[in-house]
Amino acid sequence: MAVGKEILTKIRSVQNTQKITKAMQMVSTSKMRKTQDRMRLARPYAEKVRLVMSHLAQSETEHNLPILESRTAVRRAGFILITTDKGLCGGLNANLLKRFFAKVQEYQQQGVEVEAVCLGSKGLAACNRVGINVVASAVNLGDTPKMEKLLGAVTEVFQRYTEGQLDVIHLVYAEFVNTMRQEPHLETLLPIGQNVLHEVSESKEYGWDYVYEPKPAVVLEYLVRRYLESVVYQALCENMASEQAARMVAMKAATDNAGNAIKELRLVYNKSRQAAITTELSEIVAGAAAV
């Protein structure tokens, strides 16, 4: 019965693992709803800031802001890489890093230097592992993102662009499509595209005008900063929603696989037990016949 005892030990071990994965699935389901609500609430602010910024950019064409300047040649590229702090979320981080490294390799083949700002420990560890220059980072962001935790790292990369040390900045994060689908997304954050500056969603039948204090250029620079910060914050919220959804799906799959493994182990255990009983009965019958 030594084999039977070993199988029972395996069954108990898998059952304990199944309890953990089931608990993690339930926790992720609860957190996913909160992150989705936070993601939806962050969208209206970013849209309204972009709307006001587009109005101001159209009315004030001679702003001469360094942060809105487009660079003809790209010598140094910057990335804001948003990943998770924890694992056990399926292939979310792997797909995200694959998209990130493909773009980095494309730049390196063109002789462009690459710098990165990492939001999340998984991306920071990956960049350090391959030797990418990390100029700033923010880890252990928790389940509720706080803008004050991001300001230092985000301000650093924007300042480097303003001073001309970077010619383009890309934002990489996991876009939340639905509960079962999260896609790696890469977009150009700076220079800001003309479609962003000149996109007006309101009807043209009604005019708009603002009273500026102190000057339109100062207000525009402030709005551009707020807009860029809101885009990064929105991306972080989407990445957290994607993380919880991916973890919920991964833990559900792990729980189901553990259940299937328990069924197979019980079948093996019953077969082993039945074989042992049959062997004992055969020995008893043979001994009785011999007597």
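**Salt bridges and the sheet**

Modeller: Start with Glu 156: its relative accessibility is 31%, so it counts as partly exposed. Buried means under 20% relative accessible area, exposed over 50%, partly exposed in between (1.4 Å probe, protein chains only). This is a predicted model: local features need pLDDT of at least 70, side-chain atom pairs count only at pLDDT 80 or more, and totals for chains, interfaces and linings use all residues. Residues are numbered from 1 along each chain as its sequence is written, and side-chain values use heavy atoms, leaving out hydrogens and water.

Colleague: Which side chain meets Glu 156 in a salt bridge?

Modeller: A salt bridge puts a side-chain nitrogen of Lys or Arg within 4 Å of a carboxyl oxygen of Asp or Glu. Here Arg 160 meets Glu 156 at 3.7 Å, N to O. Arg 160 is buried, at 16%. Helices (H or I, at least four residues) and strands (E, at least two) are DSSP runs, numbered from the N terminus.

Colleague: Which residues are linked with this pair in a network?

Modeller: Arg 76, Glu 113 and Glu 115 join Glu 156 and Arg 160. Arg 76 and Glu 113 meet at 2.2 Å, N to O. That pair links strand 1 to strand 2, 37 residues apart.

Colleague: What is the strand order of the sheet?

Modeller: Strands pair through backbone hydrogen bonds, either parallel or antiparallel. Pairing needs at least two DSSP bridges between two strands. This open sheet of 5 strands runs 3-2-1-4-5, with mixed pairing. Strands 3 and 5 stand at the edges with a single partner strand each, so one side of each lacks a neighbour in the sheet. Strands 4 and 5 pair antiparallel over 9 bridges.
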